[in-house]
Amino acid sequence: MWGLWTAVGLVVAAGLGLGLVFAAADRVALTGAGPKALVEPVRSALRSLLEQRRTTLAPDRLLWRTACAAVPVLALLSMAVVPVGDRTLLSTSADLVWFNAMEALLWAAVWLIGWGPNAVHSLVGGYRFLAQGVAYELPLMFAIITAGLGAGSLRTTDVVAAQSDLWFVVTMPVAFVVFLGSAAAFAFWGPFAAPAGADIAGGVLSELSGVERLLVEAGRVVLLGASAAMAAALFLGGGSGPWLPDPVWQLLKTLLVTAVLVGVGRRLPVLRPDRAVELAWMVLVPATLLQALVVALLVLAGAYG
Amino acid sequence: MDLTGRIRRWALGRPRVLVIDAPGGERFRWQLEDELDRRHWPLALSPADTDLALVLGRPGAQLAAAIELLWSQVPQPRHRQDIAADGDLPAQLDAASVALVDAANRTEPVQPGAQTQLGNLGPEPDDVDDEHAGHSGHEGHHMHHGGDVAGLAMADTAPDRDGLTLDVLRVALGPVLPGWPTGLVLTGSMQGDVLTGVELAWVDGSDDPNHGVLQATPQAVAMDQLARILLVAGWPTAAAAARRARRDLSGSHPQRAAQTQRAAARVASRVRGSRALRWSVQGIGSTDRGMTPAGSAHAAGDVWGGVRHWCDVAAGGEPVPVAGSPRSLTEASILLEGSELAAARLVVATMDLERPATRVETESTGV
Amino acid sequence: MNDTLLSDPAVIAVVVLGAVSVGSGIAVFVVDSMARATFALLVSFLAIAGVLLALDLVYLAVVTALMMTIEMAIMAVFMIMFMMNPAGLMPMTMVHNGRGSAAVGFVAFVALTVGIWTTDWPSRRGQPPADTTRQLGEAIMGSHMLVMLVVGIGLFATILSGTILATGRGRYDRFGADLRATRPDDPTPGGLPR
């Protein structure tokens, strides 16, 4: 039992740490203030803790508050199947589906955050998120499953082990890119930030203050950090690499993915959902299906050993 | 100083600022935003996001009432300050920051809360800057209860743009929103996020005879407009670059003129050359929807045409009025009819609206 | 309980989650807002997913959670999207035709209960496999392949025909009577160049 709680603590700490790293990198990219901006996420968190919680006129308080708390919980739960070192907290025969299910549950939570406070901007933000979620769920699902297909297993540690000869990113570049893009879409961040856009005064976040805002913001960055770690595990060979010990390699790869994600994401404007959603349905879904087909043929040809 | 106080001071060291530029404070807003950028104090997007509310210029009666309502939605700790145009700006911001920390140190009684204050505002409490709307009738066999809930009136159903009968929500956007001309109020009906029955009006005009006459070069004005568009379009890094360029353009450094021009041209070409932005906003607000072929060379009357126009002017080109860009509120409201909320925000941000110099009475705003 | 099958914590989990599932199922009809009814139903399904997890059927559990969440979210879109009533401002009842539905519910309950207690359930043979996910996959892709394909295509056809019946605009509205228009005439253009 003691071992279990240590492991849980370790995974929570890893999730929060990765989230903090992502948030810090994001602030640096956003403000252009250099390394000084690295502490800004901590400052924002403290500021939120000092702040009063708000309420609005006639909200659905139960659903609203529950949803705010659910966002970081789901992000940390998705971290449970991400390999830390060469182990995962929760190793089941369906890890990859678990990761996906947590993101699906995030839909419900974010939509409720938009619905709960009974406010126009927040409601519009909630619906934008749902439209985005529906559109990016399938590409994300296919991208994740493609990695499982290559490994012949839905267990993340098996997927990492299957890449000892060749990283999956070589044969699955489309799935890799779609995975990262969909992670950004589910965290409504960067070019997919329309649900929290400035044109709707912050959208789903527009009515949040105090600890609730902190929970939601923390959940977003933890999800992004966990996705970066998952991308490193599923497509970049996890901890494999010369000279250095495995966990160091894995951390380096995760940091690299984070840097690339932040660098690209902050270079782009928000893509309006009515445009981006069509792209997801008409281009990304067929593209990820083709990617899965190619990988399936490679599996039959014995390319993955 | 004790540790808690020190932590508190550090945590509030970069407060999020809601800038409210009342008539007469426009040019001064630029200086304020430059100073905020220099200090890395972020701009707040909504009352919930606000620590400091800074009021520039002299708000008229209606705008003052709207600010009051907005203020009632800002969570503690908070501080509101009128910024004097002739004062020392850094000193005023320092004072505001100290006052904010003081507010955090005081254990103030809990604020009345949005509910009571909103409830006292008369029949149309949803006519405020953002939200508190909702309340609808329901179709079919659902049970109907009473005419209002929590003091909010119920809405009806009406046929929508696509011929379905949907619930209609009466909404009002403005007079204070990020990237929105302060004082402008849009009232209309919303179904989903499609606006119909759009009416635009300015809240109380200003008595200031210089009001509306911006003492700046067209180039700097265009850069300001660009910064506003980019904020609404969701491109914060480019918006910050545009604000920096605006600062240099409006400053008087003759020895650095060439450098300033180059920087402005760089910002403009970055925005103009953004394929993602073009893809995202092309065709929005076009008077002939969907008729212009993609990538058309004409500056169509859409948001992308507006962006390109402002980029050209901001880069130092000739200020040619963009084809089909409305200047009056009536033209603008016709253009916004049937558009989505996001599209409407972008269109308004792109427009160069003429502000009335005289006082106008508006009855549509409940604030 | 059969202790070779389930550990004590698992038994407790099944009992508690079963109660949660039934309780939130009842809540669906008691609450007075569509959002709450939808999410009470989701809680009920998630409790079922928890039961499956306790039974060590990980894949089924996770897929149940995944699909039901998506389903409820889409249901929320369709139920509430057209109602501009955030936060369930206006209370409304979640039951219609009370007497009829009570009768149907009672009959169904009796039939199922009688069925459960009168069926001669087979006793256990063999051991559970180490990897239930693989076994499930082999069953679906092997002996039950035909059934799953028919069901899958049937569901897909239902979705398509439902959408076609529901949409007011067809290709003639978008591309003209002779279907010759190069660009579809849509109220909101999408993101693809066409």
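B:Ser189 stands opposite B:Thr196 in strand 10 of chain B. The model is predicted. Strand 10 covers residues 194–202 of chain B. Its antiparallel partner is strand 9 of chain B, and the two share 7 bridges. Together they form a hairpin with 2 residues between the strands. In that turn, B:Gly192 has a positive phi of about 60°.

Strand 9 of chain B also pairs with strand 8 of chain B. Here, too, the sense is antiparallel. B:Leu169 has B:Met190 of strand 9 as its bridge partner. Strand 9 of chain B is mostly covered, with 7 of its 8 residues buried. The two pairings are set out below.

| Strand pair in chain B | Sense | Bridges |
|---|---|---|
| Strand 8 (residues 169–173) and strand 9 | antiparallel | 5 bridges |
| Strand 9 and strand 10 (residues 194–202) | antiparallel | 7 bridges |

**Chain B in outline**

Chain B contains 12 helices and 10 strands. Of its 367 residues, 51% are buried. Consider contacts in chain B between residues at least 6 apart in sequence: 66% of them join residues at least 24 apart.

Strand 3 of chain B, residues 79–83, holds B:Arg80. Is B:Arg80 buried or exposed? B:Arg80 has 20 other C-beta atoms within 10 Å, so it counts as buried. Leaving aside residues up to four places away in sequence, B:Arg80 touches B:Ala53, B:Val55 and B:Trp71. B:Ala332 lies elsewhere: its C-alpha is 33 Å from that of B:Arg80, and 252 residues separate the two in sequence.

**Helices of chain A**

Helix 2 of chain A has five named buried positions: A:Glu40, A:Pro41, A:Ser44, A:Arg47 and A:Ser48. Viewed down the helix axis, these buried residues fall within an arc of 120°, so they line one face of helix 2 of chain A. An α-helix has 3.6 residues a turn, so residues three or four places apart point the same way.

Two packed helices are described by the angle between their axes and the distance between the axes. For helix 5 and helix 11 of chain A, the axes come within 9 Å and cross at roughly 10°. That angle makes helix 5 of chain A roughly parallel to helix 11 of chain A. The residues of this helix contact divide into 20 nonpolar, 5 polar and 1 charged.

**Chain A against chains B and C**

Chain A meets chain B through 41 residues of chain A and 51 residues of chain B. On the side of chain A that touches chain B, helix 1 (2–31), helix 2 (40–50) and helix 5 each supply at least two residues. By class, this side of chain A has 19 nonpolar, 13 polar and 9 charged residues.

The contact between chains A and C takes 34 residues from chain A and 31 residues from chain C. Which helices of chain A each supply at least two residues of the side that touches chain C? They are helix 4 (95–115), helix 5 (120–151) and helix 11 (273–300). Helix 4 of chain A gives the largest share of that side, 10 residues. The side of chain A that touches chain C divides into 23 nonpolar, 6 polar and 5 charged residues.

Technical notes:
Residues numbered from 1 in each chain as written. Chains lettered and ligands numbered in written order. Predicted model: local features only at pLDDT ≥ 70, side-chain atom pairs only at ≥ 80, totals over all residues. Contact = placed C-beta atoms within 7 Å. Helix = DSSP H or I, 4+ residues; strand = E, 2+ residues; numbered from the N terminus. Nonpolar A, V, L, I, M, F, W, Y, C, P; charged D, E, K, R; others polar. Buried ≥ 20, exposed ≤ 12 C-beta atoms within 10 Å, placed from the backbone. Arc of directions from axis to C-beta. Pairing = 2+ DSSP bridges. Axes fitted to C-alpha atoms, helices over the stretch in contact; angles between N-to-C directions. Parallel < 35°, antiparallel > 145°, perpendicular 65-115°, else oblique.
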